[in-house]
Amino acid sequence: MRILIDTREQLPLDFGRYEVDVERVTLATADYSLQGLETIVGVERKSESDLLGSLTQGRDRFERELARLRSYQLRAVVCETSWLRLAHGEYRSRMSPHACLQSIIGLSLRYEIPFLLVETRESAAYTVFHLFRHFLKQRTDELQALLKNQTAA
């Protein structure tokens, strides 16, 4: 597996503990994708401060990104924070905890994209890697079943 990381990603996740190749490229959508699947696999990563900025002053740009990502087969927003931190307002932003959580829920439903709150950078890398691994495994299994059915026919 070759994970692609967008060149605009300022602090890329570290996939060193996984058996994976990593390449920095310019991606049209998302921060992370897979080689050869750039138009159907995309994960957007957000630090806590980036998430809050994307829900406030950067919201229009963020929603355009989500709209593009919506057409992908595998799509997610992986956020390096916790639901409790957001719910308790344990962050540096004027956005109220209620508005923050309601924005996440609303955007998730509007664009049909899961927001995965994973707390740390290490757990973000774990999540991205395993999202990609499971996606590839499912698609490989589907292809093998199709080929098996075709040869049986």
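Predicted model: local features only at pLDDT ≥ 70, side-chain atom pairs only at ≥ 80, totals over all residues.
Residues are numbered from 1 along each chain as its sequence is written, and side-chain values rest on heavy atoms, with hydrogens and water left out. In this model local features need pLDDT of at least 70 and side-chain atom pairs count only at pLDDT 80 or more, while totals for chains, interfaces and linings use all residues.

Helix α4 covers residues 97-111; helices (H or I, at least four residues) and strands (E, at least two) are DSSP runs, numbered from the N terminus. The expected span is 1.5 Å times one less than the number of residues.

The buried residues of α4 are C100, L101, S103, I104, L107 and Y111. Because they cover an arc of only 155° around the axis, they lie on the same side of α4; the arc is that of the directions from the helix axis to the C-beta atoms. On the other side, H98 and L109 are exposed. Buried means under 20% relative accessible area, exposed over 50%, and partly exposed in between (1.4 Å probe, protein chains only). The buried residues of α4 pack against α1 (48-55), α2 (59-69), β5 (74-80), α3 (83-87) and β6 (115-117), where contact means heavy atoms within 4.5 Å.

A nonpolar core is a set of buried Ala, Val, Leu, Ile, Met, Phe, Trp, Tyr and Cys residues joined through side-chain atoms within 4.5 Å. The largest has 20 residues, and L55, L66, C100 and F115 have the most contacts inside it. Two or more residues each come from α1, α2, β5 and α4, with the largest share, five residues, from α4. Leaving aside residues up to four places away in sequence, L66 touches V77, L107, Y111, I113 and F115. Another core, of 19 residues, lies apart from it and includes L13, V43, A124 and F132.
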